[in-house]
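Please keep the sequence and the model at hand while reading.

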Amino acid sequence: MHLTQLNRECLLHLFSFLDKDSRRSLSLTCHQLRDVFLDPCLWNLLHFSSPCQLRRDNFVLGPSLRYLTICWYSSRVLQVCNIEDWLKSSFQKDICSKHESLVSTFLAQVCHMCPNLLSLTLSGCGHIVDQDVISVLKSCRKLRCLHLENCVRITDCILDGVVAHGVSLEEVKVDFCRNITQAGLQAVGEKRPSLQLSAERSAGMIPDSKPEEKVPLRRTLQKVLQFS
């Protein structure tokens, strides 16, 4: 029996065992398999291991998406992206300029196309800001789990957004986010006591400073060692 003789249900089941690249490769063989590839039902879970993968055409965004993970485990995150902008060299800024808007732009697409999202995990996304995630909270009202890890531009504003817009949220993690404060965490706990909230290391890390601030020498050396 030829593959295209299978009914659509069987083809969808077959595609569900393949990774994104394999699905796309198979979809290029004929129009029938291309239609299966484009079926939103096939794309209820998406996982990306670097921002550059968001540029590819090997996946489909749609209302069936329930679980989205973007994790970037790279030394570049620690050595370049996580450095405060005003401390970056021209070379470091040039590196960041090539990818800094990728995740934010992708999340904006998710807001418009994936209203049924249940879980969002962002790890090592050093360029996303509070508003990027708050927009997801506003658009994806069914979101139950929000996990943010090592997202250095995230501040207590996201905690305010969780209280104001995370109507369905059951679990929130803000791990290793250096600009989250203990006061912000305490405020969420008081306003949303039923919310499962965790923040490993976040409130104990060294927060960002402004260029005009006089940063103690010891604190400056700590940051230099952290990113070296």
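## The sheet and a buried arginine

Thr 121 has His 147 of β4 as its bridge partner. This is a predicted model, in which local features need pLDDT of at least 70 and side-chain atom pairs count only at pLDDT 80 or more, while totals for chains, interfaces and linings use all residues. Residues are numbered from 1 along each chain as its sequence is written, and side-chain values use heavy atoms, with hydrogens and water left out.

Strand β3 (residues 119–123) is paired with β4 (residues 145–149) in the parallel sense over five bridges, and Ser 119 of the pair stands opposite Cys 145 in β4. Strand β2 (residues 67–71) likewise pairs with β3 in the parallel sense, over five bridges, and here Tyr 67 has Ser 119 as its bridge partner in β3. Two strands count as paired if DSSP finds at least two bridges between them, and strands themselves are DSSP runs (E, at least two residues), as helices are (H or I, at least four), numbered from the N terminus.

| Strand pair | Sense and bridges |
|---|---|
| β3 and β4 | parallel, five bridges |
| β2 and β3 | parallel, five bridges |

These pairs belong to an open sheet of six strands in the order β1-β2-β3-β4-β5-β6, with parallel pairing. Its edge strands, which each pair on one side only, are β1 (45–48) and β6 (196–198).

In a regular strand the side chains alternate between the two faces of the sheet. On one side of β3, Ser 119, Thr 121 and Ser 123 are buried, and so are Leu 120 and Leu 122 on the other, which leaves both faces covered. Because five of the five residues of β3 are buried, this strand is largely enclosed by the rest of the structure; buried means under 20% relative accessible area, exposed over 50%, and partly exposed in between, with a 1.4 Å probe and protein chains only.

Across the chain, which has ten helices and six strands, 44% of the 228 residues count as buried.

Arg 23, in helix α2 (residues 20–27), is buried yet has no salt bridge, and the nearest side chain of opposite charge, Asp 19, is 6.9 Å away. A salt bridge requires a side-chain nitrogen of Lys or Arg within 4 Å of a carboxyl oxygen of Asp or Glu. Leaving aside residues up to four places away in sequence, Arg 23 touches Phe 15, Ser 16, Leu 18, Phe 37, Leu 42 and Trp 43, where contact means heavy atoms within 4.5 Å.

Methods:
Lys, Arg positive; Asp, Glu negative; His and termini not counted.
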